[in-house]
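Subject: Structure for you to look at

Hello,

I am handing over the structure that we talked about, and below it you will find notes on what was found in it. Please keep it open beside you while you read.

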Amino acid sequence: MYEDVKLSLKNLKDAFEILSQENSEKKNRFLRKLAQKLDESRDYIIHENNKDVQRARELKVKESLVDRLVLNDKRINEMIESCRVVENLRDPVGEVVDSFVREDGLKIYKTRVPIGVIAIIYESRPNVTIETSILALKSGNTILLKGGSDALNSNKALVGIIKEALEDMGLPRNAVELVEHTDRSVVDYILKQREYVDLVIPRGGKALIDYVVNNARMPVLETGAGVCHIFVDESADIDKSISVIDNAKTQRPGTCNAVETLLVHKNIASKLLPKLRELFDAKRVEIRGCEETRRIIDCNEATEEDWATEYLDLIISVKIVSSLDEAIEHIKKYSTKHSEAILTENYSNAMKFLNSVDSSTVYVNASTRFTDGGQFGMGAEIGISTQKFHARGPVGLRELTTTKFVVFGDYNVRK
């Protein structure tokens with residue numbers, strides 16, 4: 001069973017032996033060619049993507065999740081721009097991280113090298129196919145892509161274009177492979193292939209991430225769900241705060257860096273919440289509030305489950321807190337360690353928040369929507385790591401390498 005997947009893994013391992021030795025210029029030429037082919041293939045990409053979008057709507061998938069599936073000219077432009085940015089980034093392979101010379105003349109260098117064969121298991125968002133592939137390939141890795149069945153037509157089109165660009169530039173077309181099986185048992189099969197897969201990365205909802213973490217037989221780079229928080233301090237500028245909250249919730253509610261819980265200091269709540277309610281009513285955002293919130297504005301009641309829920313929708317839970325300390329304690333209890341923000345004019349409170357909140361990305365007076373490889377100058381990301389691994393936050397080129405020691409001697413022997 002799944003002999004085709006096993007063959008793909010063997011091909012990826014063979015391709016890694018070639019790609020890991022290629023120079024930066026050849027990899028950069030591939031990225032230029034891929035950007036060109038994406039631009040030339042717009043109509044084809046959108047046509048194939050429309051099949052997936054139409055099917056999702058027929059299945060009554062909520063619009064915030066359909067949005068994650070859509071490829072249009074704007075998103076194709078973003079994929080092309082990602083190719084160009086990654087092309088211009090420094091290739092981490094071969095970088096000397098540390099070095100020293102012993103008294104006996106032995107020279108020891110710690111250098112960056114590719115990880116190997118990476119498997120990524122992800123849901124929806126076909127642009128992930130491009131983002132993860134270009135990062136893996138530029139850093140000398142090969143990649144197995146297992147996308148969701150909802151994006152299969154889109155992913156097949158994009159992987160075909162990647163393979164063409166690789167072949168055109170004299171690189172192994174099997175450096176990228178797509179798993180086309182839609183049954184869930186194929187994930188179990190992949191997670192057992194320790195012989196071929198050096199690292200697996202789950203990118204999706206909490207259920208998928210937990211399943212991969214609990215069942216993989218190879219190392220996992222865990223990308224966490226995003227129960228992201230914003231705390232509005234009593235010193236915050238109300239109008240500016242509303243603008244940030246609006247952006248964090250409504251720009252793209254189906255993403256992991258959208259805010260899900262708003263914490264409001266009791267001394268500012270009566271001024272901020274009515275204005276926020278007016279804005280959110282216009283944008284059809286459902287507010288689920290604590291008892292104190294419901295005394296100020298008319299909204300649905302928040303349950304204990306709401307504080308731990310990643311909605312990925314136009315829903316936000318709101319809690320009034322009596323202090324910065326209470327806000328921090330709430331975040332510690334319910335956060336998935338993705339992204340948290342404080343809106344404040346008080347420097348001491350800002351610094352206390354930054355030092356006390358243990359998430360991958362912590363903000364002062366900015367939207368959580370910035371947690372993104374492209375926004376952080378990486379060109380793209382392979383995921384947002386929420387674990388305390390060598391990679392934390394947006395995972396880019398450097399995080400897709402490991403290290404090895406290279407030692408030069410003059411027939412030295414240990415005494």
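In helix α1, the residues Val-5, Ser-8, Leu-9, Leu-12, Ala-15, Phe-16 and Leu-19 are buried, where buried means under 20% relative accessible area and exposed over 50%, with partly exposed in between (1.4 Å probe, protein chains only). They cover an arc of only 125 degrees around the axis, which puts them on the same side of α1; the arc is taken from the directions from the helix axis to the C-beta atoms. On the other side of α1, Glu-3, Asp-14 and Glu-17 are exposed.

Before going on, please note that this is a predicted model, in which local features need pLDDT of at least 70 and side-chain atom pairs count only at pLDDT 80 or more, while totals for chains, interfaces and linings use all residues. Residues are numbered from 1 along each chain as its sequence is written, and side-chain values use heavy atoms, with hydrogens and water left out.

Helices (H or I, at least four residues) and strands (E, at least two) are DSSP runs, numbered from the N terminus. The buried residues of α1 pack against β2 (107-114), β3 (117-122), α6 (127-138), β4 (142-146), β5 (176-178) and α8 (185-191), contact being heavy atoms within 4.5 Å.

Another buried residue is Glu-48, which counts as such because its relative accessibility is 11%. Glu-48 belongs to helix α3 (residues 42-58) and, leaving aside neighbours within four places in sequence, is in contact with Asn-153, Ser-154 and Ala-157.

Now to the pockets: on a 1 Å grid over the protein atoms alone, a pocket is an open set of points where a 1.4 Å probe fits, with protein on both sides within 12 Å along at least five of seven lines, and its lining residues have an atom within 4 Å of a point. The largest pocket is lined by 28 residues, of which Glu-78, Arg-252, Arg-369, Asp-372 and Gln-375 lie nearest its centre. The elements giving two or more residues to this lining are α5 (73-88) and α6, and α5 gives the most, with 7 residues.

The second largest pocket has 17 lining residues, with Glu-123, Lys-146, Arg-184, Val-187 and Leu-208 nearest its centre. To the lining of this second pocket, β3, α8 and α9 (206-215) each supply at least two residues, and the largest share, 3 residues, comes from α9.

Best wishes
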